[in-house]
Amino acid sequence: MIHNDNKQTTVIECKQLTKVYKGHKGLLVGCSKAVCALKNISLSVSKGQIIGLIGPNGAGKTTFLNLMAGLIFPTKGCVTVCGYPARSIEARSGLGYMPEYPAFLGSYSARAVLRYHGALLGLSHKAISLRTDKSSQQLQMKEFIDRPCSGFSQGMKQRLALAVALMNDPQVLLLDEPSNGLDPVGIIQLRDMLKQLRDSGAAIVISSHRLGELEKLTSDYVFLYRGEVISLGDRIVAGQAGRLRVELVSNGNDIAEKLLSPSKILGVSDTELEIAVSNREEVPDIVNNLAKGGARITGVLLQRENIEDVFLRLYNERN
Amino acid sequence: MRAYELIKETFCKKRYILIIHLSWLILCGIFCCFFSMSASEFGRFIFLWGGCFLALALSAGIFGDDISSGRICIIVTKPFWLGELYIYRLLGLSLQAAVDFILVWCIIFILHILMRKVSTDGLALWLFASWLLFNTCAALSTSLSVVVERAYNALILLVVIVTAFIVADPLMEYLKEQAETGVLVSFTRFACPPFKMLYEFAGGEYDKNILTVVRFSLAKSVACVVHSLILTVVYSVVGIVLLSRRQFSCRRD
């Protein structure tokens, strides 16, 4: 769970969010049971912050994004965007949203789609033309800007959806699987644009399964599992930390008991210690202490844990 | 700009909308050329096809398609009152129908000059009544489209209307004679689409009648027009409320 101390810069505030999808009794088709998609989730996102929403399929990531976008209403709790309740016009005025599967009118060209959404945003004709040209250049849309959307590939739709989401220079950007279908160049462009947006003060929430991509953008994650936020663990911070593997001649158990705090020990055997490190600068001190304490060290290896490892660890712990 | 785009969208939404308009005009032209019909007979034809079925054809899936494709999810995150989305789309349908009815009148007028086959006497009133009926049916269909996915709104309404004509109409005639069912009859008469009232209005049956409400006297035909407009507004308000309270899912089917 990520909380921000600075209330003034908080742009998204979710308090005790619970979302239950009601079941229904089918007359002709089968009935379905109620599903609790999110349970008591609290989160605050501040300006210039990128949050990565991660979790297995069905964890509630899209539901969480939809709640923030005001597309659905919470069963309990509340969401505010820029200080206003989600779905209010004020909240929507600073919002950019990109769904997982963007859909557009097949008969409209990309230019017509941008003009349509620009008009919905209340932009003038001139402003829309300027934004269209800018988006077309930034997102490499020149080739297909005047082609009807019915023939678009997933990547083209993603680029167009991103252009639509960015039309009003949003303060809050909600992206659901933004790199779906994008080619490597598109992914790099997307990353650069998101970094620029973050630097300009926008808050960005990204739901993605591409953990490697997320890692290049942020070190703030929310791991959702069956509708609950799972702590990433205070022992290991993704992207910075890892596990230190120390090989010894013998007496591993005694040394670990004597010299290390239990919360730091990840694994112990007679000839090997696995120690959690939150910062790689800790490594020399740990090795020094072990040596001073009588450990006969034969090898040291720092294995940095990336977000993929954290994801797998958390996932495996729960399965 | 927003109004223009939303109104234009109702015409460009589907390729078949142009086909519907052309078919409608061609159908009217064919009826005019090949069948000997009086102005009132032709008026009835326009009233049924233009007022009712054209409304269902044009408004099919007007929100339902967007909801089922997930397109609505991007639209509703834009900062504007969702009622505008409804109103301008309905206005778009209404304008299309108005253009259609004007074009039909022009076709008939030209054919009348060239062939002297169809008289234009009283046809304007039929066209006006058809347009009023179109608006009411379109508002009902659009509101239904907010809660029914895809284009099933038009299909459901079509089934209901056909059933009403076949089953409910004789039943209502019977119920009218029963004193206890007055409320039900009044509800059906005033809350459901005003097929019968507008039909009688266009047929000129209300011309000399005066409806007295407390101290005010209104020509019955004016009351009929006002009633039809009120119904359109009521159906629209229901649709706007439903749209504002609806939850939208981004799943694609």
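Biologist: Let me start in the sheet of chain A: which residue is the bridge partner of A:I51 in β8(A)?

Modeller: The partner of A:I51 there is A:V205. Please keep in mind that this model is predicted.

Biologist: What makes β3(A) and β8(A) count as paired strands?

Modeller: Pairing needs at least two bridges between the strands. β3(A) and β8(A) have four, in the parallel sense, so they pass that test. β3(A) also pairs with β9(A), again in the parallel sense over four bridges. Along that pairing, A:L53 has A:V222 of β9(A) as its bridge partner.

Biologist: How do you know that β3(A) is mostly covered?

Modeller: By counting: five of its five residues are buried. A residue is called buried if 20 or more other C-beta atoms lie within 10 Å of its own. Both faces of the strand are covered, with A:I50, A:G52 and A:I54 buried on one side and A:I51 and A:L53 buried on the other.

Biologist: What is the order of strands in this open sheet of chain A?

Modeller: The six strands come in the order β6-β7-β8-β3-β9-β10, and the pairing is mixed. In general, strands of a sheet pair through backbone hydrogen bonds, either parallel or antiparallel.

Biologist: Why are β6 and β10 of chain A called edge strands?

Modeller: Each of them pairs on one side only. From one strand to the next, the twist averages 20°. At the β10(A) end, three bridges join β9(A), residues 220-225, to β10(A), and these two run antiparallel. Within that pairing, A:Y225 stands opposite A:E228.

Biologist: Which helix packs on the sheet?

Modeller: That is α6(A), residues 184-199, which touches β3, β7 and β8 of chain A. The direction of α6(A) makes about 145° with that of β8(A).

Biologist: What makes the phi of A:R87 worth a look?

Modeller: Most residues other than glycine have a negative phi. A:R87 is not a glycine, yet has a positive phi of about 80°. You will find A:R87 in the loop between β5 and α2 of chain A. A:E177 is another such residue, with a positive phi of about 50° although it is not a glycine. A:E177 sits in the loop between β7 and α6 of chain A.

Biologist: Why is A:R87 called buried, and what is A:E177 called?

Modeller: The cut-off for buried is 20 or more other C-beta atoms within 10 Å. A:R87 has 21, so it is buried. A:E177 has 19 C-beta neighbours inside 10 Å, and therefore counts as partly exposed. To be called exposed, a residue would need 12 or fewer.

Biologist: Now to chain B: how do you know whether α6(B) and α7(B) are roughly parallel or roughly antiparallel?

Modeller: We look at the angle between them, about 155°, with the axes 10 Å apart. Angles over 145 degrees count as roughly antiparallel, so that is what these two helices are. Their crossing is right-handed. Among the residues that meet are B:L90, B:F101 and B:W105 in α6(B), and B:L127, B:W131 and B:F134 in α7(B). By class, this contact has 16 nonpolar, four polar and one charged residue.

Biologist: Finally, how many residues are in contact between chain A and chain B?

Modeller: 30 residues of chain A are in contact with 23 residues of chain B. On the chain A side, α1, α2, β6 and α3 each supply at least two residues. α3(A) gives the most, with five. This side of chain A has 19 nonpolar, eight polar and three charged residues.

Terms used: Residues are numbered from 1 along each chain as its sequence is written. Chains are lettered from A and ligands numbered from 1 in the order in which they are written. This is a predicted model: local features need pLDDT of at least 70, side-chain atom pairs count only at pLDDT 80 or more; totals for chains, interfaces and linings use all residues. Two residues are in contact if their C-beta atoms, placed from the backbone, lie within 7 Å. Ala, Val, Leu, Ile, Met, Phe, Trp, Tyr, Cys and Pro count as nonpolar, Asp, Glu, Lys and Arg as charged, and the others, Gly among them, as polar. Axes are lines fitted to C-alpha atoms, for helices over the stretch in contact, and angles run from 0 to 180 degrees between N-to-C directions. Angles under 35 degrees count as roughly parallel, over 145 as roughly antiparallel, 65 to 115 as roughly perpendicular and the rest as oblique. A crossing is left-handed if the near helix is turned anticlockwise from the far one by less than a right angle, and right-handed if clockwise.
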